[in-house]
Amino acid sequence: MGTVGAGVLRLLRDNADVVAARAGRPIAVTAVSARDRARDRGVPVSGLRWYENAVALAADPGVDVVVELIGGADGVARALVESAIAAKKPVVTANKAMLAVHGAELASLAEEAGVPLAFEAAVAGGIPVIKAVREGLAGNRITRIAGILNGTCNYILTRMRAEGREFAEVLADAQRLGYAEADPSFDIDGVDAAHKLAILAALAFGRPVAFDAVHVEGIRRISALDIGFAGELGYRIKLLGIARAGDAGIEARVHPCMVPEEAPLARVDGVYNAVVTEGDFVGRVMLEGRGAGAGPTASAVVADLIDLARGRTTPVWGASAGALSSAPSVPISAHVGAYYLRLMVVDRPGVIADVTAVLRDQGVSLESMLQRGRAPGEAVPVVLVTHETAESAMAAAVARIGGLDAVLEAPVVIRIEAG
Ligand SMILES: NC(=O)c1ccc[n+]([C@@H]2O[C@H](COP(=O)([O-])OP(=O)(O)OC[C@H]3O[C@@H](n4cnc5c(N)ncnc54)[C@H](OP(=O)(O)O)[C@@H]3O)[C@@H](O)[C@H]2O)c1
């Protein structure tokens, strides 16, 4: 009965007629749970059975489907889902953390019990991306899936660019306005996006979810300076989640990216989320919408309930356990791409030659270089953009460049991505 739970009750009440028509029967909430019974939920809960212990919902004979909207990878949420599956009751959940961390095991439990486990709301809130990837694009071999998967980060980056302000200031503002949590680390450190990417990659490539294999970086180190340079070079900085299938296996990574400003993903601003999928027969498909909030998330939860009422079910990862792929994960060190490198260097002759010599020694070739202003003997920013290069070569070069006397701060490296 939190933000999403109350949203689901409101949707089921306000849209009862369309829901009943599409489900083929009315959907009624019979029992609910939360910690604090006294709290006003903004929707009436009188007349509903109230459980102090959420796990007991699974044993209620008047409950046909359990909707878990508590959150957290473990604890009560997981206990409730496991109990519901054991009691052979279908489960609907919005819990990306639980699915990313325990999804492989929960999918096996659900399959063994013959119980549907639905989670449209777990990725990109109101955007029906699970259904689109798992069902709508089911005839394709998917080669890549990429997206803006965290509305808080996208909101912060959008405002930093629009207002030329620094990260910490905009974060504080976002917290005041309710767009960022009091403890924002899950969002701004990329963990929430990584949970969603792990789920999307599992669906796209038909492989059990592998959260530990996702490379994760957040947006704390993004500065107004780099956002400004990105603009000059024709890019926008976005936190993307990207999963790609190649000959060596599956690469999955979440990190800030330089996206060409003409790419559709570069234009997705504010709290909006978007996902681009590339399939061998369909080509590119992009979905955009609200990735969070009571209304959009409730929309996804109720879509799952309607599917269950209609008897439309799909294996959790799109194929049964025996038919899933065992493709290996490819580490970030094997990534190949172009890079933006920004240094603060002492403005004196020979410094750029030293930097480019290191890049040359590592086989990194440059596409362009940008230096603004002159301040002899003082610190000036220098930006270098590379051609496609191996991550391992770039990492070795950056380590050596960071150690040069004339380089005053840790170098900033941002991967360039097609979007
Ligand atoms: N908010 C979004 O926009 C959004 C979008 C997509 C997915 N989700 C996912 O949806 C889930 C719920 O998110 P939310 O934003 O609705 O969270 P929330 O507002 O914090 O709601 C969580 C609810 O769980 C209840 N709860 C916590 N511990 C409990 C326990 N031990 N027993 C019974 N109830 C307990 C809380 O009770 P009290 O109210 O009494 O504290 C609260 O009603 C999470 O998995 C989240 O990741 C959220």
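Predicted model: local features only at pLDDT ≥ 70, side-chain atom pairs only at ≥ 80, totals over all residues.
**Around T386**

- For a sense of distance, take T386 and V32, which are 354 residues apart along the chain. Their C-alpha atoms are separated by 55 Å.

**The protein as a whole**

- The secondary structure comes to 13 helices and 16 strands.
- The radius of gyration is 24 Å, close to the 22 Å that the globule rule gives for 419 residues, so the protein is as compact as a globular protein of that length.
- Taken along the principal axes, the box filled by the C-alpha atoms is roughly 80 × 45 × 35 Å.
- Of the 419 residues in the protein, 52% are buried.
- The accessible surface comes to about 17900 Å², and carbon and sulfur atoms account for 52% of that surface.
- Consider the contacts between residues at least 6 apart in sequence: 72% of them join residues at least 24 apart.

**A buried loop residue, D347**

- D347 lies in the loop that runs between strand 12 (336–346) and helix 12 (351–361).
- Although D347 is in a loop, it is buried, and its relative accessible area is 8%.
- Leaving aside neighbours within four places in sequence, D347 is in contact with Q371, R374, A375, P376, G377, E378 and V380.

**Helix 10 and what follows**

- Helix 10 spans residues 224–233, and its buried residues are A224, D226, I227, F229 and A230.
- After helix 10 comes G234, which has a positive phi, near 90°.

**Empty space inside**

- Rolling a probe the size of a water molecule over the atoms shows where empty space is left.
- Counting cavities of 30 Å³ or more, the model has 2.

**The largest cavity**

- The volume of the largest cavity is about 60 Å³.
- Its lining is made up of A198, A201, A202, F205, R207, P208, V209, A210, A213, V214, I250 and A252.
- Helix 9 (191–205) and strand 9 (249–260) each supply at least two residues of this lining. The largest share, 4 residues, comes from helix 9.
- By residue type, the lining of the largest cavity has 11 nonpolar residues, no polar ones and 1 charged.

**The second largest cavity**

- The second largest cavity has a volume of about 30 Å³.
- The residues lining the second largest cavity are L157, T158, R161, R236, I237, K238 and D269.
- Two or more of these lining residues come from each of helix 6 (151–163) and strand 8 (235–246).
- The lining of the second largest cavity divides into 2 nonpolar residues, 1 polar and 4 charged.

Methods. Residues numbered from 1 in each chain as written. Heavy atoms only, no water. 1 Å grid on protein atoms, 1.4 Å probe; cavity = no way out; pocket = protein on both sides within 12 Å on 5 of 7 lines; lining within 4 Å. Points joined across faces, edges and corners; volume = space filled by probe spheres on them. Nonpolar A, V, L, I, M, F, W, Y, C, P; charged D, E, K, R; others polar. Rg over C-alpha atoms; globule rule 2.2 N^0.38 Å. Buried < 20%, exposed > 50% of the residue type's maximum accessible area, 1.4 Å probe, protein only. Contact = heavy atoms within 4.5 Å. Areas by Shrake-Rupley, 256 points an atom, 1.4 Å probe, with all protein chains shown as cover.
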